[in-house]
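I opened my notebook for a new protein today.

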Amino acid sequence: MAAPNRSNTNPLPFLLMGIPELEVFHVWISIPFCITYIMTLVGNTLVLLAVGLDRSLHEPMYCFIAMLALIDLIFSTAVVPKMLAVFWLDSREIGFEACFIQMFFVHTFTAVESGVLLAMSLDRYVAICHPLRYSTILSSPRAIQAGLLSLARAVGIMIPLMWLLTGLPYCSSRVIPHSYCEHMAVVGLACADTATSHRYSLGMATLLVGMDSAFITFSYCAILRAVLRLPSHRARLKALGTCGSHVFVILIFYIGGLLSMYLQMFTRSLAPHIQVLVADSYLTVPPMLNPLVYGIKVKQIQDGIRKLLGQLAGARSSQAA
């Protein structure tokens, strides 16, 4: 067995490989990731500003959309700048603590987003199935409380995992065959039995995803049942239209997340660069798509962004004058 590469007082850094077997194409591969990240920054920032500055959007549903925008900004910024540094500058070294901090942010805000999507499905359930009680059940402060509860739950799950992982001895081979500190790739470098951390991470991920997706499914089954009872076809279409963007975001999040997670854990015959590209795409594409989906499907968000852009254009014109 190789000697551990660190002590408790002087841990050595890790080295990120980028995309294994495709290192010569790193610059070209970086282009779509860079464009995606810029679109993520612009789109989610516009959504945040539109919701924050327009008082008519200070309602629970729009608060949840703003939370998703903030989560996506934090989530992608924790990974993409370092990923681009690897692709562009061959800046592969990442400190021991920085690696686990990056991992903590990725997993924590993935769990937070799952909780916010659950809260959004319950919001749509109350709005459609109990519309007369909506204002008494849900409010903007309660939406914020739901977001904070999702954050607390995620941090509570991640702290034990980080304690398990940082307590492991890591071998002299410190090369991570990934573009970021992907959980399973880092665990694979440990010079000790990792069964406990593996069982904990798989169990918590399965429990969290299973619990949240079960409640979301229940909410939408109840919504569909209520919608089908509406007397007017137009009313049914309008009710379903308010949920379309949310369902699309849910499908992207859960299907993409499960595919990425189980490819990393269980698929040994798949080419390494395919696994890495799937994981990198999951970290970059959904945060870019979410503001586009809500900007296209939710008219109030569209109007808020137009109003914001109009104000910015007016302020610039007055300064030029």
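I began with a term: buried means under 20% relative accessible area, exposed means over 50%, and partly exposed lies in between (1.4 Å probe, protein chains only). I noted that this is a predicted model, where local features need pLDDT of at least 70 and side-chain atom pairs count only at pLDDT 80 or more, while totals for chains, interfaces and linings use all residues. Residues are numbered from 1 along each chain as its sequence is written, and side-chain values use heavy atoms, with hydrogens and water left out.

**Entry: salt bridges**

I looked for salt bridges, meaning a side-chain nitrogen of Lys or Arg within 4 Å of a carboxyl oxygen of Asp or Glu. Side chains of opposite charge can pair when their charged atoms come close. By this rule I got 3 salt bridges.

I went to Arg92, which forms a salt bridge with Asp90, with 3.9 Å between the closest N and O atoms. Is Asp90 buried or exposed? Asp90 has a relative accessible area of 55%, so it is exposed. Arg92 is at 30% and therefore counts as partly exposed.

I then checked Asp123 and Arg124, whose side chains meet in a salt bridge at 2.8 Å, N to O. Asp123 is buried because its relative accessible area is 1%. Arg124 is buried too, with a value of 10%.

My last pair was Asp212 and Arg153, with their closest N and O atoms 2.8 Å apart in a salt bridge. This pair links distant parts of the chain: Asp212 sits in helix α8 (residues 195–228) and Arg153 in helix α6 (residues 140–166), 59 residues apart. I wrote down that helices (H or I, at least four residues) and strands (E, at least two) are DSSP runs, numbered from the N terminus. Asp212 has 0% relative accessibility, so it counts as buried, whereas Arg153 is partly exposed at 23%.

**Entry: the record**

I looked up the unreviewed UniProt entry, which lists residues 25–49 and 143–165 among its "transmembrane region" features. UniProt positions are in the numbering used here, feature names are shortened, and annotations may be inferred rather than shown by experiment. In the model, residues 25–49 are 96% helix and 0% strand, with end C-alpha atoms 37 Å apart. Residues 143–165 are 100% helix and 0% strand, with 33 Å between the end C-alpha atoms.

**Entry: the sheet**

I found an open sheet of 3 strands in the order β2-β1-β3, with mixed pairing. Two strands pair if DSSP finds at least two bridges between them. The edge strands, β2 (93–94) and β3 (175–176), each pair on one side only. Strand β1 (residues 14–16) pairs with β3 in the parallel sense over 2 bridges. Which residue of β3 is the bridge partner of Leu16? I found Ile176 there.
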